Amino acid sequence: MMNSEPAPAPPPPPDPAIEARGLTVVRGDRTVLRGLDFTVRPGRITGLLGPSGCGKTTLMRAVVGTQAKVTGRLDVLGRPAGDPALRPRIGYVTQAPSVYTDLTVRQNLDYFAAVLHPGRAHRDARRDAVARAIGDVDLTSHADALAGALSGGQRSRVSLAVALLGTPDLLVLDEPTVGLDPVLRRGLWDLFHRLAADRSTALLISSHVMDEAERCHRLLLMREGRILAEDTPEALRDRTGAETVEDAFLHLVDAAAPRTEEAPR
Ligand SMILES: Nc1ncnc2c1ncn2[C@@H]1O[C@H](COP(=O)(O)OP(=O)(O)OP(=O)(O)O)[C@@H](O)[C@H]1O
């Protein structure tokens with residue numbers, strides 16, 4: 001007998017981690033972001049790519065709630081960006097590592113863990129979270145080194161470990177792989193993919209290095225404060241007939257304004 005039961009409906013897509021509609025930001029007397037619409041999903045790595053000065057950091061600052069003069073709609077994890085309830089749910093790593101150079105790696109992590117989860121009752125949980133975060137960024141063998149004695153790339157990884165302490169639902173990373181050698185870069189991208197797959201973390205990662213684009217699930221291509229395209233790397237290549245995301249970007253730039261522009265590095 002044929003089964004007349006309708007096939008079960010597929011599960012609805014999870015709520016977006018970030019949803020922007022008409023996002024506009026003014027810095028000084030300049031409009032730096034101009035009416036942006038985009039969505040970032042949980043469990044996905046979204047790459048934010050574009051030339052230097054196009055507004056990537058400004059967009060990230062708006063998402064984490066540290067940017068003034070933001071208009072339009074910007075919802076983060078179901079709340080308006082900047083809502084105090086979002087603070088423990090978002091990890092943000094800026095371009096400049098923010099660590100105490102006169103403390104060891106572990107002491108830095110202990111300090112931030114105590115801010116996140118104060119009190120004796122959380123002592124064991126703090127110790128576990130610190131050990132896990134140091135392991136996540138592959139700094140276990142440097143845990144007792146002074147942060148001031150680390151290389152720039154190692155110090156950025158301490159900043160990343162701090163951001164991972166609270167197991168955030170959203171990680172916002174501003175050029176996290178700058179200055180890292182290829183082996184460490186690969187290790188970090190593996191970690192980003194594990195966070196997306198195992199913890200359903202939404203990752204928004206900026207870069208102006210186009211070869212990192214292929215490692216992302218989705219891309220937001222930016223130029224001069226606008227989104228040129230929002231899609232998967234594969235769809236962007238197919239749509240433009242380009243072999244690389246960099247060529248796809250150039251194609252889209254030409255299609256948007258038929259003039260010669262400098263390509264992002
Ligand atoms: N404090 C500020 N006051 C006024 N304008 C600013 C300020 N900071 C940045 N801008 C301007 O905002 C624009 C976007 O800067 P933003 O730092 O967001 O770009 P970006 O894409 O992150 O660049 P990069 O890749 O070099 O970090 C730039 O034109 C910059 O000059």
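In which loop does Gly225 lie? In this predicted model, Gly225 is found in the loop between β9 (218-223) and β10 (226-231). Gly225 has 20 other C-beta atoms within 10 Å, and since 20 or more count as buried, the residue is therefore classed as buried. When residues up to four places away in sequence are not counted, Gly225 touches Thr31, Val32, Leu33, Arg34, Cys54 and Gly55. The C-alpha atoms of Gly225 and Thr39 are separated by 16 Å, and these two residues are 186 residues apart along the chain.

The loop between β9 and β10 also holds Glu224. Glu224 is not a glycine, yet its phi is positive, at about 45°. Most residues other than glycine have a negative phi. With 16 other C-beta atoms within 10 Å, Glu224 is partly exposed, whereas Gly225 is buried.

A positive phi is also found at Lys69, where the angle is about 55° although the residue is not a glycine. Lys69 is located in the loop between α1 (56-64) and β4 (70-76). This residue counts as partly exposed, because 13 C-beta neighbours lie inside 10 Å. Gln67 is placed in the loop between α1 and β4 as well. Gln67 has 21 C-beta neighbours inside 10 Å and so counts as buried. Gln67 and Arg27 are 40 residues apart along the chain, and their C-alpha atoms are separated by 9.0 Å.

Turning to the helices, α2 (residues 105-116) packs with α4 (residues 152-164) at an angle of about 30°, and the axes are 10 Å apart. Angles under 35 degrees count as roughly parallel, and α2 and α4 are therefore roughly parallel to each other. Their crossing is right-handed. On the α2 side the contact is made by Val105, Asn108, Leu109 and Phe112, and on the α4 side by Val158, Ala161 and Val162. Of the residues in this contact, six are nonpolar, one is polar and none is charged.

Asn108, which belongs to helix α2, is buried, because 24 other C-beta atoms lie within 10 Å. With neighbours within four places in sequence left aside, the contacts of Asn108 are Val99, Tyr100, Leu103, Ala147, Val158 and Val162. Asn108 and Lys56 are 52 residues apart in sequence, and the distance between them in space is 28 Å, C-alpha to C-alpha.

His142 lies in the loop between α3 (123-136) and α4. The residue is buried, because 20 other C-beta atoms are within 10 Å. Val105, Leu150 and Gln154 are in contact with His142 when neighbours within four places in sequence are left aside. Val105 is also one of the α2 residues that make the contact with α4. From C-alpha to C-alpha, His142 and Gln154 are 9.1 Å apart in space, and they are twelve residues apart in sequence.

The largest nonpolar core comprises 74 residues, and the members that touch the most other members are Val63, Leu109, Ala161, Val172, Leu203 and Leu204. The largest share of this core comes from α4, with six residues. Leu204, for its part, is in contact with Ile18, Val40, Thr46, Leu48, Met60, Val63 and Val172, leaving aside its neighbours within four places in sequence.

The crossing of α6 and α7 is left-handed, while that of α2 and α4 is right-handed. In this contact, Pro233, Leu236, Arg237 and Thr240 of α6 meet Val245, Ala248, His251 and Leu252 of α7. The residues involved divide into five nonpolar, two polar and one charged, whereas the contact of α2 with α4 has no charged residue.

Technical notes: Residues numbered from 1 in each chain as written. Predicted model: local features only at pLDDT ≥ 70, side-chain atom pairs only at ≥ 80, totals over all residues. Axes fitted to C-alpha atoms, helices over the stretch in contact; angles between N-to-C directions. Helix = DSSP H or I, 4+ residues; strand = E, 2+ residues; numbered from the N terminus. Parallel < 35°, antiparallel > 145°, perpendicular 65-115°, else oblique. Left-handed = near helix turned anticlockwise from the far one by under 90°. Contact = placed C-beta atoms within 7 Å. Nonpolar A, V, L, I, M, F, W, Y, C, P; charged D, E, K, R; others polar. Buried ≥ 20, exposed ≤ 12 C-beta atoms within 10 Å, placed from the backbone. Core = buried A, V, L, I, M, F, W, Y, C linked by C-beta atoms within 7 Å.
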